[in-house]
Amino acid sequence: MFEHIDAYPGDPILTLNENFAKDLRDNKVNLSIGIYYDDEGRLPVMQAVREAEGQLLAELGPKPYLPMAGFAQYRDAVQSLVFGDDSPARVDGRIATVQTLGGSGALKIGADFIKRYFPDSQVWVSDPTWENHRFIFERAGFTVSTYPYYDEASGGLKFEAMLTAIDALPARSVVLLHACCHNPTGVDLNDAQWVQLIEILKKRDLLPFIDMAYQGFGAGIEADAFAIRELVHQNVPAFVANSFSKNFSLYGERCGGLSVICESPDVAARVLGQLTSAVRANYSNPPTHGAKIVARVLTTPELRQSWEDELTSMCRRIMRMRAEIHDCLRGNVPDTMLARYLEQRGMFTYTGLLAGQVDVLRERHGVYLIRSGRMCVAALNERNLAITARAIAEVLSHATD
Ligand code: LMR
């Protein structure tokens, strides 16, 4: 019966992370998966999360199913955070939001919805993008292609080429964009570039799908959502996936949301109904615990303040690590590959290391990066910085031997 089943080659991020756990070397360093670790190399439990969780445990009660669309207070808090509390689209009731299983769940529910109502659309993702984007949309039945994005020579953005490519797409093409802290490159559009791009999306009748997995890790909670606020401002219908895995350090709770900006409250009600039906067809309804924590934090002023402050200090720590790895590598890494450690934003830097060099880093030095050359700078700390810098310098010195 199952003879024809292929072996799973594994996932470029999650399998690597599992292999790291099996590595027995003491001085191994995990800069592969996008997870924030603190200065001691520990996964933090944020103070606001700890307090909210304590309150919820004290109130422990029965555990009924949540509604298919999710916990109402959570969905409202998602909208308020992602769009701004006084967003005109929110005030008008034009946003349909469902609770999802992390950001990936939001992408999958959105993909199923789009496949049903825009069956002829194709999907366009940045070159490169998070490996799972292509996988999720292809599995949902789409053809996935790329638009130009990252400029390896400068470590920056190919903005003109990106605009030209997107300007030539057929109407109703789905254009997947990263709101901030682009994964894997750490290269973002600035506000003026977003305005220009959104004008084209509108003019060409394209369907933006914004993935915001790192709100608060770039320029701040509000500033990171600029693209979303601008879509509302320019009246562009759009999908927005958001995740609390990173900014609440709630990875395993699978807390995310999918919001759709619609033309009217009436349309939003129907869209919400069909998103709900996609949830039912995939997993019936979402889990309770993480959503209650997030809702409690976001709607309790003291907890919210504590969360924002801690997120800001996490961000500052990442900036410090960027500066320190930059300084440690200076002199050992070509200048053209150095500035990006400071300039790229969020959890990742695209180091420019080749897959073969990443393999040597892992096999010989126990330093794990994604084979694309992506480094999770949010996992650097005072202990592993020097090991990492030495290993990279050695690998690069062999490359030029
Ligand atoms: C990553 O990019 O490393 C994270 O978003 C984890 C994942 O699921 O791939």
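This passage describes the ligand site and then the cysteines of a predicted model.

The space that the ligand takes up is the largest pocket of the structure. Around the ligand stand Ile13, Leu14, Ile33, Gly34, Trp130, Asn183, Tyr214, Lys246 and Arg374. By residue class, this shell comprises 5 nonpolar, 2 polar and 2 charged members.

Arginine 374 uses its side chain instead, a polar atom of which lies 2.8 Å from an oxygen of the ligand. Lysine 246 likewise contributes a polar side-chain atom, at 2.9 Å from a ligand oxygen.

Across the whole structure, the search for disulfides returns 0. For cysteine 180, the closest cysteine sulfur belongs to cysteine 181 and is 4.1 Å away, so the two sulfurs are too far apart for a bond; a disulfide would require them to be within 2.5 Å. Cysteine 376 is not part of a disulfide either, and the cysteine sulfur nearest to its own, again that of cysteine 181, is at 11 Å.

Are these residues buried or exposed? Cysteine 180 has a relative accessibility of 2% and therefore counts as buried. Cysteine 376, at 0% relative accessibility, counts as buried too. The cut-off behind both assignments is a relative accessible area under 20%.

Methods:
Residues numbered from 1 in each chain as written. Predicted model: local features only at pLDDT ≥ 70, side-chain atom pairs only at ≥ 80, totals over all residues. Heavy atoms only, no water. Near = heavy atom within 4 Å. Polar contact = N/O pair within 3.5 Å; in protein donor to acceptor, adjacent residues only side chain to side chain. 1 Å grid on protein atoms, 1.4 Å probe; cavity = no way out; pocket = protein on both sides within 12 Å on 5 of 7 lines; lining within 4 Å. Sits in = over half its atoms within 2 Å of the grid points. Nonpolar A, V, L, I, M, F, W, Y, C, P; charged D, E, K, R; others polar. Buried < 20%, exposed > 50% of the residue type's maximum accessible area, 1.4 Å probe, protein only.
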